[in-house]
Amino acid sequence: MVDLEEFLAGLLSEGVAVFESPPVPARGTSARAVELLAGAYDAYRLDLAGPTIPFDPEVACEAGELVRQACWAMVSRGDRVADLAGRLAMSGPPVRPSDHASADLLFRFLPRLYRRARSTSPVDPFVGLIADLLRRWPLSGVLAGLDEPPLAPIDLGGHPGLLLLYAERLVVQHRPSWEPVGAGLDYLELVRQDRSRSGSREQGSRDDW
């Protein structure tokens, strides 16, 4: 059996998930899991502008276990919807910047899983469960290119670095229903303007050549 710690080591270092048998749900945190996640988080937050966001080990461990269960469900497809729904839901919604960032460390892998499952069987209940989760965690969900809008506010705790990261991800996906309001919209406009200027500079270079 691949335990949570072994799963996290493979996912965070190589982006792979390997199973030998159904994963037994992990409860709480373990020192080894926290160590793995904290190390990965230190590298992750180097790309976040603004004030340092503290690592939340409980949120990260819960998200890691959810991703482990989702990866297994993707390949097994033998669980009842009611059982699967309980394993693919977080205990609470994101509120603080540390909630969003600590979960995104793991949840950023879910959009790829979602697209693969949808391409295989769009009507599979698993697809709907993952889509619902991603709509509740918009920092990660924006990567999935969902047409349905988020089910949580896109304020990301008001953190400028998270709002900027969200805007950068949204510009690539082009989903109007995921556009933020307030400060988030300001960051989105900044990213769009920067991309427009970059495109103009590249075009100018080609024209000069």
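Biologist: What makes His174 count as buried or exposed?

Modeller: His174 has a relative accessibility of 60%, and the term "exposed" applies over 50%, "buried" under 20% and "partly exposed" in between, using a 1.4 Å probe and protein chains only; His174 therefore counts as exposed. This is a predicted model, in which local features need pLDDT of at least 70 and side-chain atom pairs count only at pLDDT 80 or more, while totals for chains, interfaces and linings use all residues. Residues are numbered from 1 along each chain as its sequence is written, and side-chain values use heavy atoms, with hydrogens and water left out.

Biologist: Why is Pro149 called partly exposed, and what does it touch?

Modeller: The relative accessibility of Pro149 is 39%, so it counts as partly exposed. Pro149 belongs to the loop between α8 and α9 (160-173) and touches Arg135, Ser177 and Trp178, leaving aside residues up to four places away in sequence, where contact means heavy atoms within 4.5 Å.

Biologist: How do you know that α2 and α5 are roughly perpendicular to each other?

Modeller: The axes of these two helices come within 10 Å and cross at roughly 100 degrees; axes are lines fitted to C-alpha atoms, for helices over the stretch in contact, and angles run from 0 to 180 degrees between N-to-C directions. Angles of 65 to 115 degrees count as roughly perpendicular, those under 35 as roughly parallel, those over 145 as roughly antiparallel and the rest as oblique, so α2 and α5 are roughly perpendicular. Leu37, Ala40, Tyr41 and Tyr44 of α2 make the contact with Ala101, Ser102, Asp104, Leu105 and Leu106 of α5.

Biologist: How do the residues of that contact of α2 with α5 divide into nonpolar, polar and charged?

Modeller: They divide into 7 nonpolar, 1 polar and 1 charged, where Ala, Val, Leu, Ile, Met, Phe, Trp, Tyr, Cys and Pro count as nonpolar, Asp, Glu, Lys and Arg as charged, and the others, Gly among them, as polar.

Biologist: Why are α1 and α3 also called roughly perpendicular?

Modeller: Helix α1 (residues 4-14) packs with α3 at an angle of about 85 degrees, their axes being 10 Å apart, and the two are therefore roughly perpendicular to each other. Here Leu4, Phe7, Leu8 and Leu11 in α1 meet Cys61, Gly64, Glu65, Val67, Arg68 and Cys71 in α3, a set that divides into 7 nonpolar, 1 polar and 2 charged residues.

Biologist: What makes the pair of Tyr41 and Phe55 a tilted one?

Modeller: Rings of Phe, Tyr and Trp (its six-membered ring) pair if their centres lie within 6.5 Å, with planes under 30 degrees apart counting as stacked, over 60 as edge-to-face and the rest as tilted. Tyr41 and Phe55 are 5.2 Å apart centre to centre with 45 degrees between the planes, which is a tilted pair. Tyr41 lies in helix α2 (residues 31-44) and Phe55 in the loop between α2 and α3 (57-76), so the pair ties together parts that are 14 residues apart in sequence. Tyr41, Tyr44 and Phe55 form one aromatic cluster, and Tyr41, at 0% relative accessibility, counts as buried.

Biologist: Why is α5 described as largely enclosed by the rest of the structure?

Modeller: Of its 11 residues, 10 are buried, so α5 is largely enclosed by the rest of the structure. Ser98 is in this helix and counts as buried at 8% relative accessibility; beyond residues up to four places away in sequence, Ser98 touches Ile53, Pro54 and Asp56.

Biologist: How do you know that the buried residues of α6 line one face of the helix?

Modeller: The buried residues of helix α6 (residues 110-120) are Leu110, Pro111, Leu113, Tyr114 and Ala117. Viewed down the axis, they fall within an arc of 155 degrees, so they line one face; the arc is that of the directions from the helix axis to the C-beta atoms. Arg112, Arg116, Ser119 and Thr120 are exposed on the other side of α6, while its buried residues pack against α3, α5 (97-107), α7 (125-136) and α8 (138-141).

Terms used: Helix = DSSP H or I, 4+ residues; strand = E, 2+ residues; numbered from the N terminus.
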